[in-house]
Structures are given as structure tokens and as C-alpha cells.
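Subject: Structure for your review

Dear colleague,

Please find below the structure that I am handing over to you. My findings follow it.

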Amino acid sequence: MSWADIFLEAVFYIFVLLTVFGGLLAVRTQILMYTVLGAAVAFLGVAGLFMFLGSLFLSMMQILIYLGAICIVLVFGIMVGYTPRQVAEQGIRGQNLLLAVPACIASIVLLRSAVGRTIWPPVPTAERDFSLDAVGVHLLEKYGLAFELISVLLLIAIIGAIIVVTVKEDPR
Amino acid sequence: MLSQDLKTYLVVAALLLIIGVYGVVQRRSFIGMLISAELILAGAGLNFMAFNRFIAPEPAVGQVFTLIIMGIAATETAIGVSFILAVYRQFKTIDPIQLNELQESSLCGIPEVDDGPVVPSGGKPGDQDI
């Protein structure tokens with residue numbers, strides 16, 4: 001195992017830790033701005049894992065869409081109603097812990113049993129095309145309908161969002 | 001090497017899912033729940049990519065699916081934040097506690113029961129629901 005491999009492994013662990021601790025920060029902190037920060041760190045970690053999975057394109061798209069668009073929109077949503085350092089959910093914290101912890105334990109048990117019992121088929125040894133060209137061909141040929149549907153969904157969402165925020169205020 | 005093992009990625013994706021479920025159940029603010037849902041979607045995308053890399057016969061399919069998941073996540077965020085804006089315009093706050101207090105003191109505009117049948121002045125009944 002060369003030094004380069006050890007370095008790559010270390011980078012991989014760093015990305016895994018970023019993902020998990022970013023997620024934990026996102027759900028455990030009380031200041032909402034830190035929540036978005038934790039989510040951004042988690043998304044960055046996932047982007048790094050995508051790179052290790054052999055798709056630089058997906059990694060860049062993850063950074064562009066999640067970090068560049070979604071997190072900015074979420075920060076904007078927070079700044080509408082809260083001051084940046086305001087503590088949200090004060091006084092109702094811990095109310096749902098009795099529900100949340102059993103839900104997590106049930107998820108862990110279910111996933112653990114599913115992953116443990118499955119026998120994964122061996123990796124096909126044939127030449128496989130991970131390239132961006134293949135993604136483009138798939139997106140426009142075989143999965144063209146899904147591509148169109150997601151475009152229409154985005155369009156509807158944009159129009160719906162504009163309608164929701166520009167509807168006239170109720171005079172009551 | 002852990003970075004070349006399918007189960008590592010499955011465990012990380014499962015952790016993201018579990019963290020997201022915890023957040024969705026435990027959080028009581030709109031933004032917090034929205035972010036937790038995003039974490040769940042990120043975990044799903046990671047799972048797709050892991051299966052794509054290790055056991056799928058056609059390795060571009062998982063990337064296509066992950067791209068579609070990203071699009072859906074962006075859609076969900078746009079709709080959620082627009083709802084938050086609408087709630088803010090109506091109630092001038094998005095703090096769940098204050099919204100709850102507003103509801104209890106019936107200041108939030110919900111009419112009392114004995115107002116009689118509500119007939120909108122223009123249009124058919126049910127038009128105001130849109």
C-alpha cells in the first residue's frame with residue numbers, strides 16, 4: 001500500500017466524518033443558521049463521496065445544486081423570519097424525543113437486518129462506462145421521459161412558488 | 001480498503017437517513033424539517049451512486065437517478081421556502097411557538113364557529129380554497 005493510497009484513504013475518512021457530523025450538527029443545534037451550516041457540511045461530504053464513487057460530474061453537481069442553490073435558498077428562508085442568532089424551538093425542545101428515538105432505532109434495526117441478510121452479487125468484470133458521455137446518452141435516450149418530467153416538475157414548482165408568495169394578502 | 005467497499009457507503013447513507021428521520025420527527029420548525037428531508041434525499045442519492053458503482057451492470061443509470069433526485073430536492077426546497085414566505089406574510093412570524101400562541105388566541109384570522117355559512121361574494125363556493 002503506497003503513500004498515495006494511504007492519503008486517499010485518509011481523505012475518504014475525512015469526507016465520511018464531514019457527512020456524519022454535518023448531519024448531526026444539522027439536527028441537533030438550536031440556532032437555525034448553524035442548522036443550514038451543518039447541512040452544507042454534510043452535502044460537501046456527500047459530494048466528496050461521489051468523487052470516490054467515480055463520478056466527478058455528480059460531485060460538481062452536488063456542490064452546485066445543494067451548496068449553491070438549496071443552502072442559499074434555505075438561508076434566505078431563515079432570514080425572512082428570524083434574526084441570525086435567534087434560538088428556534090425554545091421551550092418545545094425534547095418534546096418529540098420519545099417519538100424520534102424509537103423511529104431511529106427502528107430504522108437502524110430494519111436497515112441492519114436488510115444489509116446483513118443480502119448477498120450482493122459479484123461485481124461484473126466487463127468494461128463499464130462511467131463517463132459523462134454515457135450519462136448524457138442515457139439522459140436523452142433511455143430516460144428521456146424522466147428527464148422531461150423532472151423539467152416539467154421544476155417548471156411547475158417555480159410557477160407554484162411564485163403564485164404562493166405573490167398571492168394577495170388576506171384583508172382580515 | 002474501506003473506500004472500495006460497498007457496505008461503507010451503505011452505512012454512511014443509512015446514517016444520513018437515520019439522522020434525517022430523527023430531524024423530521026424531532027424538529028418543530030419549518031426550516032429544520034425541510035433540511036432534515038434534504039438529508040434523507042442526499043442519503044438516497046448516495047445509495048444510488050454506491051449501487052451504481054459496485055453492482056449495477058449499467059453504471060450510468062445511477063448517475064441519472066441521482067441527478068433526478070437532486071432536481072426533486074431543489075423543487076422541494078423552492079416550494080417549502082415559498083410556503084414559509086407565505087406564512088410570514090400572513091402572520092409576520094415563522095416561529096412555531098408564536099404561531100401556536102396566535103392560533104390559541106384566535107388572532108390568526110380563523111373565524112369563530114357561529115359566523116354562519118361563509119359565502120364568498122364573487123365566484124362559486126370553493127374558489128377561495130385555491
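The lining of the largest cavity in this predicted model divides into seven nonpolar residues, three polar and no charged; Ala, Val, Leu, Ile, Met, Phe, Trp, Tyr, Cys and Pro count as nonpolar, Asp, Glu, Lys and Arg as charged, and the others, Gly among them, as polar. Among the lining residues are Phe50(A), Tyr66(A), Leu41(B) and Met70(B). H2 and H3 of chain A, with helix H2 (30–54) and helix H3 (61–91) of chain B, each supply at least two residues of that lining. The cavity holds about 40 Å³ of space. A cavity is a set of points on a 1 Å grid over the protein atoms alone where a 1.4 Å probe fits but cannot get out, and lining residues have an atom within 4 Å of a point.

Regarding the interface, 82 residues of chain A are in contact (heavy atoms within 4.5 Å) with 78 residues of chain B. Between them the two chains bury about 7,200 Å², 75% of it on carbon and sulfur atoms; this is the accessible area (1.4 Å probe) lost on being put together, summed over both.

Residues are numbered from 1 along each chain as its sequence is written, and chains are lettered from A in the order in which they are written. Local features need pLDDT of at least 70, side-chain atom pairs count only at pLDDT 80 or more, totals for chains, interfaces and linings use all residues, and side-chain values use heavy atoms, with hydrogens and water left out.

Yours sincerely

Technical notes:
1 Å grid on protein atoms, 1.4 Å probe; cavity = no way out; pocket = protein on both sides within 12 Å on 5 of 7 lines; lining within 4 Å. Points joined across faces, edges and corners; volume = space filled by probe spheres on them. Helix = DSSP H or I, 4+ residues; strand = E, 2+ residues; numbered from the N terminus.
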